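Please keep the structure in view while reading.

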Amino acid sequence: MLVFLARRVVAGVVLIIAVSAVTFTLIYSDGERIARLILGPDADQAAVVQRAQELGLNEPLVVQFFVWFGKVLNGDLGRSLSDHRPVLETLTSRVPVTLALVGLTLLVTLIFAVVIGLYSAYKGGWVDSGLRTFGVFGFATPHFLIAIGLVVLFALNLKLLPATGYIPPTKSLGGWTLSLVLPVTALAVGTIASASQQVRGAVLDVMKQDYIRTLRSRGIPLRAVYLRHALKNASAPGLTTLGMQFVGLLGGAVVIEQVFALPGIGSLVIASALKSDIPVIMGTVLFLVVVVVVVNIVVDLAIAWANPRSRN
Amino acid sequence: MKHGKRIVTAIAAVTIAALALSGCSTSEEPAAEGEKTLTLAVSSDSLWGFVRTDIGTQVHQSSAYWMPLYDTIVKITPELEILPNLATKWAYNDDLTELTLTIRDDVKFTDGTPLDAEAIVQNLLTFRDGGGGEVSQGAASIADAVAPDATTVVVTLKQADPAILPAMAASLGAVFLPADIANPDKDKSAVPVGSGPYVLDEANTTPGSIYSYIRNADYWDKASYPFDKIVLRPMADTAARMNALKAGEVDGAMVPASNGADIEASGITLNTGIANWAGLHMIDRAGTLVPALANVKVRQAINMAFDRAAIVKNILQGYGVVNNQVFREGSNGYIESEKGTYPFDIDGARKLMAEAGYADGFDMTMPAITGNHDVIMPIIKQQLSEIGIRLTVDSFQLGDYFNEVFAKKYPMVYVNLPSFDDWRDVKGMVSPAALWNVFKSQDPVLDGYIEAARTTVGAEQKAAFQNIGQYLIDNAWYAPWATPHVLYGTDSAITATLSPGQVEPLIWDIKPAK
């Protein structure tokens, strides 16, 4: 188990360095371009060249990367080129918003996917067909379309929920919940649709196994077989899916945070990309890669623990 | 059965908890009785820390972020009239190269330091020497500034500069605590010290999400600022901004032309302003890259290849006015009698092309910004092909685009360039030194007109601008199509007036509705 863990961690570290290096190469390619974005399109060319020099953007790319990476190892992500705040401080204020959004979405997904998936598998027939049709639509509709539909209905017409904005839970727990209802719903529709199909499929697979027949033959009620045995054994593929969903949701959050003006990582990465605020982009990318690596390791561990065969 | 019930119970519990929470207060803080709060959506996040050197460099910075915090030396009205603020009066010497300002003696920074003439001098000079951005360039004409006493500032100019006073009503005129700007090690993200009508309410500010300002209790001119609190919410996404405006979550927001009709239909007032002219800029007038462009008939033909009314109707969604000149209608440089010059006339344009010796047309390449120019470029290509010009388009990202243009790699560009204040327009795109006079086109006749406009005032200056306007039309330096309207939506709680050149109202131009 330890060897397994060590292998995963090493692979994760390699991935983190590789992704950082590639991102760095892609966005740091032209120092004067960055300087012009800071100074504005009408800035004097000489001033642009000077600013690029001041920011150390004229150094060879490899040098710049290692300078940056060296600082990161010391816990220094640098400062934003635009608002001059330490990147770590910005991330600290932004990360909870995205984690709340993604975490709540996962929770909602987990609950609804299990209920819908089980119900679909258990009932079969037209209920199953109906739920699967809903699944296809839910999965195929882009997040932002669902988001706009929800805003028009619940915020603009019914005036039940806020259309935009985020209220920290420390300010008002009720406000916080309300401000996340629409964003979480918009994100969750797609994940519930796909995850419930996973649950349904996995449960049906398990139900075909011999030991299920044995259980049934011992007179255990069908419902109990579903809930106690089938669901438990179908959970391994579910965990993998959940891990992938988490990563996918981080991507979905980018769009949803924009539409609902939530101050999370997603809106940060878009804003900083538009103004080439590279320390912030690098910090955000680093954070996201680390999260993805950690989530994957945790999921792998959970599966390995549940199923010793997968350790190799 | 038992399990099924448990799940149902759990879901019910979660739902009830959520509903119970939603019953709690949702607003951040209840407003005090009679307290007026102004909430605005701002399309960009605060791009700077709060120190001066970077305000100079940030041209896309919304003024809403800094205007509450800093007093400007003078103010400007939507009619471009200069009004007193920190400076109570001002006067030029005879050749307009020395500007003497009289400064109020009762203004203090929020840390208690008096704001005197010396503070203004330090600000002007620091600003001139730092940054290097567009606004900083606006201070380039300042040779020196001195404070002979606590209430007098004498600014000497390298040469007469009609743009210097208007600039003192904008970011060049914002006055920062001298101790802050003199200290290069000052934390650039620190809370700013100014003397403005408001101070940043740190407890209710979350960068990137919400910026709150409350009254500066000791402010000297409270009456000009009716709101007790200003809340700014950065929203880069148009859909978010429009939803917030329609849902009544903000009182005002910038509205793109494509959303204009929808916003108007939802009962929001659309205020219009003007900032730019839109059209084609033939920067290679000497024909360095494309010899044909050196021929005035070719440039005139390009002017006649576009249906300006259709562009206003379809591209600007009706939010704009046709304009065949680079100066705004009604300004000193605008020539009423030339209103119909270069009408949409493909046959006439072809004739001009033939007369110029280009009956078979020629090839040309234009740069485009990916995303921004996706709609307009195919139209330009189509219309130019009507008169025989075979256009190739090179697409660039926003950041690369300007480097390509200023590197003189393209003969003609599609532009939205400032058109609201004649002198600043000339300085920005006509004069030989102008940034947007990319190939530095120059003509002694035109130079004479520009010099006259710079060094005169009143009727004499107007005549000079008329000469410039006439020259630019006759020589077809540009192919302007329209003056697009800037749109700003406001709810029933406020009224706003947009100053020329501004995409958002200046805070002193926003008032509570009666």
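## An enclosed helix and its surroundings

The cover over the buried residues of helix 15 of chain B includes strand 17 (413-418), helix 16 (444-455) and helix 17 (458-474) of chain B. The model is a predicted one, and in it helix 15 (residues 422-430) of chain B has 8 of its 9 residues buried, so this helix is largely enclosed by the rest of the structure. The buried positions are B:Asp422, B:Trp423, B:Asp425, B:Val426, B:Lys427, B:Gly428, B:Met429 and B:Val430.

## Nonpolar cores

The largest nonpolar core comprises 186 residues, and those with the most contacts inside it are A:Leu101, A:Val203, B:Val175, B:Ala244, B:Met282, B:Ala301 and B:Ile468. The element that gives the most to this core is helix 8 (residues 173-207) of chain A, with 15 residues.

What does B:Val175 contact once its neighbours within four places in sequence are left aside? The partners of B:Val175 are B:Tyr70, B:Asp71, B:Ile73, B:Leu86, B:Leu115, B:Ala119, B:Ile120, B:Asn123 and B:Ser195.

## A helix pair in chain A

Helix 5 (residues 87-123) of chain A packs with helix 12 (residues 265-274) of chain A at an angle of about 130°, their axes lying 8 Å apart. This makes helix 5 of chain A oblique to helix 12 of chain A. On the side of helix 5 of chain A, the contact is made by A:Thr90, A:Arg94, A:Val95 and A:Thr98, while helix 12 of chain A brings A:Ile265, A:Gly266 and A:Leu268. Sorted by class, the residues in the contact of helix 5 of chain A with helix 12 of chain A are 3 nonpolar, 3 polar and 1 charged.

## The chains as a whole

The secondary structure of chain A comes to 13 helices and 0 strands, whereas chain B has 17 helices and 20 strands. The C-alpha atoms of chain A fill a box of roughly 85 × 55 × 35 Å along the principal axes. Of the contacts in chain A with a separation of 6 or more, 71% are between residues 24 or more positions apart; for chain B, among contacts between residues at least 6 apart in sequence, 68% join residues at least 24 apart.

| Chain | Residues and share buried | Mean pLDDT | Share of residues with pLDDT of 70 or more |
|---|---|---|---|
| Chain A | 312 residues, 40% buried | pLDDT 85 | 96% of residues |
| Chain B | 514 residues, 46% buried | pLDDT 88 | 88% of residues |

## Confidence in detail

For the model, the scores are ipTM 0.82 and pTM 0.84. Within chain A, confidence is lowest in helix 2 (residues 31-39) of chain A, with a mean of 75, and highest in helix 7 (residues 143-157) of chain A, at 91.

Chain B includes stretches to be read with care. Over residues 18-30 of chain B, pLDDT stays under 50, and the model has 21 contacts beyond four places in sequence for these residues. Over residues 49-53 of chain B, pLDDT likewise stays under 50, with 19 contacts beyond four places in sequence.

Methods. Residues are numbered from 1 along each chain as its sequence is written. Chains are lettered from A and ligands numbered from 1 in the order in which they are written. This is a predicted model: local features need pLDDT of at least 70, side-chain atom pairs count only at pLDDT 80 or more; totals for chains, interfaces and linings use all residues. Axes are lines fitted to C-alpha atoms, for helices over the stretch in contact, and angles run from 0 to 180 degrees between N-to-C directions. Helices (H or I, at least four residues) and strands (E, at least two) are DSSP runs, numbered from the N terminus. Angles under 35 degrees count as roughly parallel, over 145 as roughly antiparallel, 65 to 115 as roughly perpendicular and the rest as oblique. Two residues are in contact if their C-beta atoms, placed from the backbone, lie within 7 Å. Ala, Val, Leu, Ile, Met, Phe, Trp, Tyr, Cys and Pro count as nonpolar, Asp, Glu, Lys and Arg as charged, and the others, Gly among them, as polar. pLDDT is the predictor's confidence in each residue, from 0 to 100. A residue is buried if 20 or more other C-beta atoms lie within 10 Å of its own, exposed if 12 or fewer, and partly exposed in between; C-beta atoms are placed from the backbone. A nonpolar core is a set of buried Ala, Val, Leu, Ile, Met, Phe, Trp, Tyr and Cys residues joined through C-beta atoms within 7 Å.
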